[in-house]
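Please examine the sequence and the three-dimensional structure shown below. The paragraphs that follow lead through selected parts of it, beginning with the place where two chains meet.

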Amino acid sequence: MSIYIARSPAVSARSLDGEMIIMSTKDSKLFTLNEVATEIWQAADGRTPLSRIVQDVVCAKFEAEPEAAYADAEDLCRRLAEHGILVISDQPLESAR
Amino acid sequence: MADVVSIATAGTGARTSLLDRIGAKAEARGIPISVHLDLTWACNEGCVHCYLDHSVGGDMNTTEIKGVLDQLAAAGVMFLTLSGGEIMLRKDIFEIVAYARSLLFDVRLKTNGILIGEGEADRFAELGVREVNISIYSHLPEVHDAITRVPGSFLRSIEAVKRLKSRGLAVEIRVCVIKGGVSYARLRALAEELGVRIQYDATVAPMIDGDRTPVSLNISPEERAEFYADPAVLPGLEDACAPASADELMNGHSCGAGHNGCYISPQGDVMPCVQFPLVCGSLRQSSFLEIWKFSPQFTEIRGIRNRDLHVCGSCSSLSSCGRCPGLAFQEGNMRGASRQDCENTYFRTKVPTPLYPAPEIDPAPRRQTPVSSQFVPLTALLPAQRDGAHRESAAY
């Protein structure tokens, strides 16, 4: 079963020529995401399952193998969630942004 | 998907390095990643050293400010500093901050804090303001209050620090070191007691309209020597001393003003920096990107490299100076040296600089560049000043 991901409201974010820069308003931690992670971040609307995001965005744009790509993407999302900049649920979420 | 994310924590070298990389990338792509927007020059304090004339009106209204924020977000600005004057005097302050946060800006506020009560602190925390800078001038209430000319302001500012800190906001005490003296150790102890960071600035700048009266409030050479002898007042100085190759140094420039950041006045005038009051255009007449990309003033600034600097280009302290082109501009020539920077660098490095201890080189020529000659003094663009508050501006 796929997870759902939404961007946390406690961040500031801007795309700098394709590289997403994110600042946590809670602890001032600064993050930069590479192109693949940026695509996942931008698609994190809380309603689209991660499996669909991986299929439609990651695999389609970066020619990745679906199973491995999903595992990597879920690992990434859990790491970002640990830092409070992404919200994860097994149910659809209301994206704050 | 290895290395998909870089993470850097506040206060670490890794974060400084990441911010430097972001700033360099923004500059290379012509993106103003950082903007300082003054919401008003009105203030409820009357600090003796202030560089603003609080009687100047003509502030942008809420709709205009929101329009500017839309433009800044579209231009790629991420780091937004909202300042003044005193931002809490704007009745729409929360509406502006909420709008900025809806556009995902990283919002930093500069305030004296004396109007920030429990409710205001709650609201800023809810809105996701990340950092608040509060000005404190002494650990002694009577000294601070004498500088702000508002009795009780010290205690009210300190209360605001505590309120914001208790809600998880990053609070930093900002100290402008002026004649009359602060005890660095006592202020540092106060900041530690409050659990907040502290940053000092030992340069009292001229007023934004060119009036150099506040400069007389700079600390004496003896006090400056004492200031720079205290390693705790300048954290991160080692970064400024990092060696650079001669080519890198001479092809570089001294700060990001006009390169990856700029300043916007409450009246909508765009300038390189609040300390570099060269009007490059008005947001009431042109779009932000038109001004940012095409104004002759910004174009000129971006063309200046260290090798072009009349005095600083041959100074042995150039790599460690932290030269402010705005101070040089206010002393007459953006390509020249400023006595204030020369003095600071001398006391920091103990190496004589072109204008301090004694001028050895005439910093002229002044105002000889083609675009500079077209500059309109800022005062000519400001609305008429009220009452007897007019300050005579220097002819620059």
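Across the interface of chain B and chain A there are three salt bridges, a salt bridge being a side-chain nitrogen of Lys or Arg within 4 Å of a carboxyl oxygen of Asp or Glu. One salt bridge joins the side chains of B:Lys25 and A:Glu19, at 2.9 Å from N to O. Three elements of chain B, namely β1 (5-8), α1 (13-28) and α3 (93-102), each supply at least two residues of the side that touches chain A. The largest share of that side, seven residues, comes from α1(B). By type, the residues of this side divide into 21 nonpolar, six polar and eight charged; here Ala, Val, Leu, Ile, Met, Phe, Trp, Tyr, Cys and Pro count as nonpolar, Asp, Glu, Lys and Arg as charged, and the others, Gly among them, as polar.

This is a predicted model, in which local features need pLDDT of at least 70 and side-chain atom pairs count only at pLDDT 80 or more, while totals for chains, interfaces and linings use all residues. Residues are numbered from 1 along each chain as its sequence is written, chains are lettered from A and ligands numbered from 1 in the order in which they are written, and side-chain values use heavy atoms, with hydrogens and water left out.

The contact takes 35 residues from chain B and 34 residues from chain A, where contact means heavy atoms within 4.5 Å. The two chains bury about 2700 Å² between them, 59% of it on carbon and sulfur atoms; buried area is the accessible area (1.4 Å probe) that two parts lose on being put together, summed over both.

Within chain B, an open sheet of nine strands has the order β7-β6-β5-β4-β3-β2-β8-β9-β10, with mixed pairing. Helices (H or I, at least four residues) and strands (E, at least two) are DSSP runs, numbered from the N terminus, and two strands pair if DSSP finds at least two bridges between them. At the edges of the sheet stand β7 (197-201) and β10 (281-282) of chain B, each with a single partner strand, so one side of each has no neighbour in the sheet. Strands β3 (residues 79-84) and β4 (residues 106-111) of chain B run parallel and are joined by four bridges. In this pair, B:Thr81 stands opposite B:Arg108 of β4(B).

In which loop does B:His139 lie? B:His139 belongs to the loop between β5 (131-135) and α5 (141-148) of chain B. Its relative accessibility is 18%, so B:His139 counts as buried; buried means under 20% relative accessible area, exposed over 50%, and partly exposed in between (1.4 Å probe, protein chains only). Leaving out residues up to four places away in sequence, B:His139 touches B:Phe154, B:Ser183, B:Arg186, B:Leu187 and B:Leu190.

Helix α4 (residues 118-127) of chain B holds B:Ala125, which counts as partly exposed because its relative accessibility is 25%. B:Ala125 and B:Leu169 are 44 residues apart in sequence, yet their C-alpha atoms are 6.7 Å apart in space.

In chain A, five of the six residues of strand β2 (residues 11-16) are buried, so β2(A) is largely enclosed by the rest of the structure. Six bridges join β2(A) to the antiparallel strand β3 (residues 19-24) of chain A. These two strands form a hairpin with two residues between them, and A:Asp17 in the turn has a positive phi of about 50°.
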